[in-house]
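Here is a short briefing to read alongside the model. Please keep the structure open while you go through the points.

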Amino acid sequence: MKEALVTKPDKANTHRLSGRCFCGAVQYEVEDEFVYALNCHCSNCQRATGSAFKPFAGIERDKLRLTAGDDRLLVFGDPSGAHDKHCGQCGSLLYSLVREGAYVHVTMGTLVDTPSIRPTAHIFVGSKAKWFTVTDDLPQYDEHIPG
């Protein structure tokens with residue numbers, strides 16, 4: 001990932017954010033110390049969210065903690081590898097386990113509180129929904145961010 005696209009928060013001012021699924025059965029807390037945030041336009045993210053793209057924020061796995069509904073989680077993908085965690089009741093995509101299990105990509109739409117980070121680029125615009133037009137000035141990449 002290019003250094004210019006990585007945002008390091010001021011750790012002295014960080015706090016915990018809360019998040020939840022649509023029905024509220026699954027709830028979590030996460031440190032407001034996200035390392036990066038992006039808008040993903042891949043076809044998998046489109047289908048998982050029912051939207052043109054998925055805004056997500058990446059953080060070390062140990063900085064996210066479930067506070068309710070651990071027994072209601074639905075795992076989609078390889079349980080011992082990369083996978084998505086959904087609410088098994090309402091289907092909300094909450095986060096994805098990525099980067100060999102070291103990080104989670106929290107879907108920003110499930111955050112109740114406002115994070116300090118904002119998406120810095122659009123990725124996989126090579127497969128974006130044809131009916132959607134990106135209208136901001138963020139960098140766009142056909143696939144992953146090079147480098």
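The structure holds zero disulfides, a disulfide being a pair of cysteine sulfur atoms within 2.5 Å. Cys 40 is in no disulfide, and the nearest cysteine sulfur, that of Cys 42, is 3.6 Å away. This is a predicted model, in which local features need pLDDT of at least 70 and side-chain atom pairs count only at pLDDT 80 or more, while totals for chains, interfaces and linings use all residues. Residues are numbered from 1 along each chain as its sequence is written, and side-chain values use heavy atoms, with hydrogens and water left out.

**Cysteines**

- Cys 40 counts as buried at 5% relative accessibility; here buried means under 20% relative accessible area, exposed over 50% and partly exposed in between, with a 1.4 Å probe and protein chains only.
- Cys 90 has its closest cysteine sulfur in Cys 87, at 3.7 Å, which is too far for a bond.
- Cys 90 is partly exposed, with a relative accessible area of 30%.

**The seven-stranded sheet**

- An open sheet of seven strands has the order β6-β7-β8-β9-β4-β3-β10, with mixed pairing.
- Its edge strands are β6 (73–77) and β10 (122–123), each of which pairs on one side only.
- Strands (E, at least two residues) and helices (H or I, at least four) are DSSP runs, numbered from the N terminus, and two strands pair if DSSP finds at least two bridges between them.
- β6 and β7 are antiparallel partners over five bridges, and a hairpin joins β6 to β7 through five residues.
- Across that pairing, Phe 76 has Asp 84 in β7 as its bridge partner.
- β7 and β8 also pair in the antiparallel sense, over four bridges, with Lys 85 opposite Tyr 95 in β8.
- The hairpin of β7 and β8 has five residues between the strands, and Gly 91 takes a positive phi near 90° there.
- Further along, β8 (residues 93–98) and β9 (residues 103–107) are antiparallel over four bridges, and Val 98 stands opposite Tyr 103 in β9.

**How β7 sits**

- Five of the five residues of β7 are buried, so this strand is largely enclosed by the rest of the structure.
- Both faces of β7 are covered: buried His 83, Lys 85 and Cys 87 are on one side, and buried Asp 84 and His 86 are on the other.

- Five bridges join β1 to the antiparallel β2 (residues 27–31), and Ser 18 stands opposite Glu 29 in β2.

**The largest pocket**

- About 630 Å³ of space lies in the largest pocket.
- A pocket is an open set of points on a 1 Å grid over the protein atoms alone, where a 1.4 Å probe fits, with protein on both sides within 12 Å along at least five of seven lines; lining residues have an atom within 4 Å of a point.
- The largest pocket is lined by 26 residues, and Cys 40, Cys 45, Lys 54, Val 98 and His 105 lie nearest its centre.
- At least two lining residues come from each of β3 (36–40), α1 (43–49), β4 (54–60), β7 (83–87) and β8.
- The lining divides into 16 nonpolar, six polar and four charged residues.

Notes. Points joined across faces, edges and corners; volume = space filled by probe spheres on them. Nonpolar A, V, L, I, M, F, W, Y, C, P; charged D, E, K, R; others polar.
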